[in-house]
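I set out to record what I looked up in this structure, entry by entry. The notes follow the sequence in which I consulted the model.

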Amino acid sequence: MIEAKDFAETMNTTKNPQILDVRTPEEFTQGHIDNAANVNWLGDRFVADAEKFDKTKPVFVYCKSGRRSKKATEKLQELGFKNIYELKGGFMKWSAAGLNKPTE
């Protein structure tokens with residue numbers, strides 16, 4: 001679990017970062033990190049959707065406050081993902097840090 005600023009720096013220095021927003025589609029449409037994919041932890045397709053990503057490359061995971069991303073990170077580890085960055089405090093901390101640019 002890493003702080004928002006470090007999460008952003010690592011993400012920005014990673015070529016073609018895989019960013020997983022594990023919130024609901026409704027939350028996702030209200031704002032999200034640029035280039036994030038919505039992989040709903042609460043949905044019944046989380047594993048199937050997560051399997052579409054490259055397990056050998058870093059993956060960046062966040063939710064609203066950090067609770068769902070913790071569970072999602074544990075599941076991703078079970079699925080074989082090796083390099084997982086989890087945003088501490090979720091999208092709320094990301095926004096509070098001023099890192100949230102409006103999505104188009």
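Entry 1. In this predicted model, I looked up the contacts of Ala72 beyond residues up to four places away in sequence, and I found Val22, Trp41, Phe46 and Val61. I then checked one of these contacts, Trp41, by distance. Ala72 and Trp41 lie 31 residues apart in sequence, yet their C-alpha atoms are 6.5 Å apart in space.

Entry 2. Is Ala72 buried or exposed? I noted a relative accessible area of 0% for Ala72; because the cut-off for buried is under 20%, Ala72 counts as buried. I located Ala72 in helix H4, which spans residues 67–79.

Entry 3. I followed helix H4 to the strands and found that H4 lies across S1, S3 and S4. Its direction runs at about 175° to that of S4.

Entry 4. In what order do the strands of the sheet stand? I read the order as S2-S1-S3-S4, four strands in an open sheet with parallel pairing. The edges are strand S2 (37–38) and strand S4 (84–86); each has a single partner strand, so one side of each is left without a neighbour in the sheet.

Entry 5. I next examined the pairing of S2 with strand S1 (residues 18–21), which is parallel and rests on two bridges. For Asp21, I recorded Asn38 as the bridge partner in S2.

Entry 6. Finally, I looked up helix H1 (residues 4–12), which packs on the sheet and touches S1, strand S3 (59–62) and S4. The direction of H1 makes about 150° with that of S3.

How values were computed
Residues numbered from 1 in each chain as written. Predicted model: local features only at pLDDT ≥ 70, side-chain atom pairs only at ≥ 80, totals over all residues. Heavy atoms only, no water. Buried < 20%, exposed > 50% of the residue type's maximum accessible area, 1.4 Å probe, protein only. Contact = heavy atoms within 4.5 Å. Pairing = 2+ DSSP bridges. Axes fitted to C-alpha atoms, helices over the stretch in contact; angles between N-to-C directions.
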